[in-house]
Amino acid sequence: MKAFVLENGKLEVKEMDEPSAGKQEVVVAIRAAGLNRRDLSIPNRRGNDKEALILGSDGAGIIESVGQGVTRFNVGDEVIINPALRWYENSDAPPKGFDILGMPGNGTFAEKIVLSEQQVERKPENFTWDEAGVFALAALTGYRALFTKGQIKSGETIFIPGAGSGVATYLISFAKNVGARVIVTSRSEDKRNKARELGADVVLDTNSNWEEALANETVDLVIDSVGEATFNRSLDVLKKGGRIVIFGATTDDQVEFDLRRFFYGQYQLIGTTMGSRQELQAALDHVVNFDMKPVVDKTFSLDDAQAAMDYLKEGAQFGKVALRI
């Protein structure tokens, strides 16, 4: 089968052996896969390992074969792949044994994948393959950040720095669906316009004075994945006693802030990453109930996977980038 792999420190499309289903496993013939920023970091993290690793955490496709003891699915079922490995029930933190699909094990940028039947869920009927292929990682991350950790309520206001990321697009829609007010930022006028179209109530230029622009707003919750570049600016617009949820650090992992000001303000700082199968199932129920669709910015073929990676690295996308397989 054809796959996009990291081998000897280099990325390439090559032929790999087709997988077969073992006990309680399924083989999924992948129709579409989704790129994530995680995929960009793996070459540096893995180095020059000689063994070919298939990249990719997100994907959707059709069950092609099932192993002994499989009870949840049948051949021909259309499914979404859950990249949060071995995390089934909601918990305060991932359990021992949790990992993310696509390293250390083979991922979704291939014509087929084998994995436990516990790692797939039924594809919503109204999703195209591209939409299904980009759903799980970003939607699950956003759902847990907003609902499980952020505890958003109807009538509250959420502030999201960086409107164009895949997670941010899910956050905007999730929050609007439950009656929250949404404020986002972006340096790009095009992304700001698209955020408005998606439902954001207030859209700011990243380079503007946020405190001045939001002087008449009460921000209950901040969800930030940018890190050092926005952390203190986000804290400046958060109400006293408000909640700030962090799930990433695309600028810098290290942040300095005034600890005394923080505890006098009685702010709540909450970390999160990915989520459980229980939360993914809740996210799938949510999108079905609200007839919500993932935002797909651009689709590439598997042969053009390197071009898709380069496009994601540029950061020009609004929403998700897909591979059609």
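This is a predicted model: local features need pLDDT of at least 70, side-chain atom pairs count only at pLDDT 80 or more; totals for chains, interfaces and linings use all residues.
A polar contact is taken here as a pair of N or O atoms within 3.5 Å, where one must be able to donate a hydrogen and the other to accept it. A polar atom of the Lys293 side chain lies 2.4 Å from the backbone oxygen of Asn126. The side chain of Lys293 also makes a polar contact of 2.8 Å with the side chain of Glu131.

Lys293 itself sits in the loop between α9 (277–289) and β17 (296–301). Leaving aside residues up to four places away in sequence, Lys293 touches Asn126, Phe127, Thr128 and Glu131. Lys293 counts as partly exposed because its relative accessibility is 34%, between the limits of 20% for buried and 50% for exposed.

Attention now turns to helix α5. Glu189 lies 104 residues from Lys293 along the chain, and the C-alpha atoms of the two are separated by 23 Å. Helix α5 spans residues 189–198, and its buried residues are Lys191, Arg192 and Ala195. Viewed down the axis of α5, these buried residues fall within an arc of 105 degrees, so they line one face of the helix. They pack against α4 (166–177), β12 (181–186) and β13 (202–205). On the face turned away from this buried side, α5 carries the exposed residues Glu189 and Glu197.

The two ends of α5 complete the picture. After the helix comes Gly199, which has a positive phi, near 130 degrees.

Key. Residues are numbered from 1 along each chain as its sequence is written. Side-chain values use heavy atoms; hydrogens and water are left out. Helices (H or I, at least four residues) and strands (E, at least two) are DSSP runs, numbered from the N terminus. Buried means under 20% relative accessible area, exposed over 50%, partly exposed in between (1.4 Å probe, protein chains only). Contact means heavy atoms within 4.5 Å. The arc is that of the directions from the helix axis to the C-beta atoms.
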